[in-house]
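This report looks at the pockets of one protein model and at one pair of helices in it.

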Amino acid sequence: MKTPKIAFVDIDWTLYDHEHNCFNKKGIEALKLLQKKGCLVFLNSARSYHSIKHLKTFHVFKPDGIVASNGASLFYKNKLVQSSYFTDSQLHTIIELANKFHNSLELTCDKKRFMVTPTYKEVALLFATYKEVTVGYKKYKGQKANTCLLFADDKNDDYYISHLPKGVTFYRYDTYGVDLDPHPMSKGGGVKIALNYLGIDKSEALAVGDDYQDLEMFKECGTSIALGNGREEVKKAADYVAEVISEDGLYNLLKKLEII
């Protein structure tokens, strides 16, 4: 199979093995081999840039670009290319709702993130599942933010959904974690922006992932790969299914397809 011009690769459970709390070495090696063959490699994650950095991602791999926060921000060669932001009014309403229910709320800016409400127990409960750094508190003073992370169980979901400002999307991805975005965004949307910016056709793009949010990314790329440990719906939608991450699935499949 021909080496793609660009690859968009998910992080959690695709490159980062949470069972062993480390990046899969062969998966990282596969990305480096792609770069050596002239393929641009973008990390495409629900994580913010700050979160990706503090996972020590850049210690093991230097991506050509990053699609962060589910498509909210696009970086190329460490330069911010595009970003979407909440309005000041939207953020004030969201903060009021979080305080009403004593929920922790984290704001994500282009390269920074901080808490705007106290840190409650749900933060530790969520981060027990996802390797993450708990950030400090900073009073909201009009900072530009492109996503919010709400730490809350689901008992007040209906109230949040009905009282969030117009245009703000609510996506629960964990028992204690909800992504709030200023408008509908997706990994696929980030891919479209990146391809348009670089002048690359989708037929020359490869997507690699494992979870529901990667389905939109698959639609925007000519070829898609799902990890064997991924969701069944994702594996059914992919062109190829690799072995599980712990068995070096990505590396082995790319070798088999003669992409690297």
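## Pockets and a helix pair

The second largest pocket of this predicted model has a volume of about 150 Å³. Its lining is made up of Tyr49, Phe58, Lys62, Pro63, Asp64, Gly65, Ile66, Phe75, Lys77 and Asn78.

The largest pocket holds about 740 Å³ of space. It is lined by 35 residues, and those closest to its centre are Asp12, Ala46, Tyr130, Tyr173 and Gln213.

The table lists the residue classes for both linings.

| Pocket | Nonpolar | Polar | Charged |
|---|---|---|---|
| Largest pocket | 10 nonpolar residues | 10 polar residues | 15 charged residues |
| Second largest pocket | five nonpolar residues | two polar residues | three charged residues |

The helix pair is α1 (residues 25-36) and α10 (residues 249-256). Their axes come within 7 Å and cross at roughly 40°. An angle under 35 degrees would count as roughly parallel, and 65 to 115 as roughly perpendicular. The helices α1 and α10 are therefore oblique to each other.

Which residues make the contact between α1 and α10? On α1 they are Lys26, Gly27, Glu29, Ala30, Leu31, Leu33 and Leu34, and on α10 they are Leu250, Tyr251 and Leu254. By class, the residues of this contact are seven nonpolar, one polar and two charged.

How values were computed:
Residues numbered from 1 in each chain as written. Predicted model: local features only at pLDDT ≥ 70, side-chain atom pairs only at ≥ 80, totals over all residues. Heavy atoms only, no water. 1 Å grid on protein atoms, 1.4 Å probe; cavity = no way out; pocket = protein on both sides within 12 Å on 5 of 7 lines; lining within 4 Å. Points joined across faces, edges and corners; volume = space filled by probe spheres on them. Nonpolar A, V, L, I, M, F, W, Y, C, P; charged D, E, K, R; others polar. Axes fitted to C-alpha atoms, helices over the stretch in contact; angles between N-to-C directions. Helix = DSSP H or I, 4+ residues; strand = E, 2+ residues; numbered from the N terminus. Parallel < 35°, antiparallel > 145°, perpendicular 65-115°, else oblique. Contact = heavy atoms within 4.5 Å.
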